[in-house]
Amino acid sequence: MNPASAAVGGAAAFVWLGMVLAISFLEAPLKFRAPGVTIPIGLGIGRLVFRALNAAEAVLAVVVIVAVATGSPATSAVVLAAVAAAVLVIQIAAVRPPLNRRSDRVLAGEDPARHRSRAHLYYVALEVVKVLALLALGCVLQAV
């Protein structure tokens with residue numbers, strides 16, 4: 001892979017990785033432990049934060065894909081970039097809508113314990129896959 005594309009792709013992959021780790025695995029669970037943050041307030045904040053995160057992720061995914069596509073990449077870089085991008089698309093298109101509908105119901109006053117959703121578990125599992133793909137991708141690209 002050419003060094004410039006590898007450097008840009010690796011940097012974008014690691015920035016993307018850092019954002020996911022900071023928001024999904026640090027901010028999201030901690031906000032509900034802050035004094036005075038109720039479930040509706042936490043959900044409102046979470047929706048805004050994850051909407052912004054997903055938008056930033058989409059931009060970084062495009063940067064990664066362009067860098068990998070233009071750099072004569074190894075097969076491993078192509079596969080890892082495709083996995084990370086595909087996971088993001090699945091999260092946005094298939095998992096976020098049910099999460100948004102559930103949070104709409106909670107914000108409208110429904111008891112959150114009344115109707116448990118597995119969508120959150122799917123989102124977290126996909127985040128783990130994405131983190132592993134981005135970590136491996138960044139390492140593969142930086143090894144060039």
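**Note on the helices and salt bridges of a predicted model**

1. The UniProt record, an unreviewed entry, places the feature "transmembrane region" at residues 6-27, 48-68, 74-95 and 121-143. The structure shown above is a predicted model, and the points below should be read with that in mind.

2. Two of these annotated stretches can be set beside the model itself. Over residues 6-27 the chain is 100% helix and 0% strand, with the end C-alpha atoms 30 Å apart. For residues 48-68 the model likewise gives 100% helix and 0% strand, and the C-alpha atoms at the ends are 30 Å apart.

3. Helix H4 covers residues 119-142, and its length can be checked by a simple piece of reasoning: at 1.5 Å a residue, its 24 residues should span 34 Å, and because the end C-alpha atoms are 34 Å apart, the expectation and the model agree.

4. Which residues of H4 are buried? They are Ala119, Tyr123, Leu126, Glu127, Lys130, Val131, Ala133, Leu134, Leu137, Gly138 and Leu141.

5. Side chains of opposite charge can pair when their charged atoms come close. How many salt bridges does a search of the whole structure find? The search finds five, and some of them are described in the next points.

6. Lys130 and Glu57 meet through their side chains in a salt bridge, at 2.5 Å from N to O. This pair links distant parts of the chain, since Lys130 belongs to helix H4 and Glu57 to helix H2, 73 residues apart. Are the two partners buried or exposed? Lys130 counts as buried, at 0% relative accessibility, and Glu57 is buried too, with a relative accessible area of 0%. Salt bridges that share partners also join Glu57, Glu127 and Lys130 into one network.

7. Arg47 forms a salt bridge with Asp104, and the closest N and O atoms are 2.5 Å apart. Arg47 lies in helix H2 and Asp104 in helix H3, so this pair ties together parts that are 57 residues apart in sequence. With a relative accessible area of 19%, Arg47 is buried, because the cut-off for that class is under 20%, whereas Asp104, at 39% relative accessibility, counts as partly exposed.

8. A further salt bridge joins Arg105 to Glu110, with the closest N and O atoms 3.5 Å apart. Arg105 counts as partly exposed, at 37% relative accessibility.

Methods
Residues are numbered from 1 along each chain as its sequence is written. This is a predicted model: local features need pLDDT of at least 70, side-chain atom pairs count only at pLDDT 80 or more; totals for chains, interfaces and linings use all residues. Side-chain values use heavy atoms; hydrogens and water are left out. UniProt positions are given in the numbering used here, feature names are shortened, and annotations may be inferred rather than shown by experiment. Helices (H or I, at least four residues) and strands (E, at least two) are DSSP runs, numbered from the N terminus. The expected span of a helix is 1.5 Å times one less than its number of residues. Buried means under 20% relative accessible area, exposed over 50%, partly exposed in between (1.4 Å probe, protein chains only). A salt bridge is a side-chain nitrogen of Lys or Arg within 4 Å of a carboxyl oxygen of Asp or Glu.
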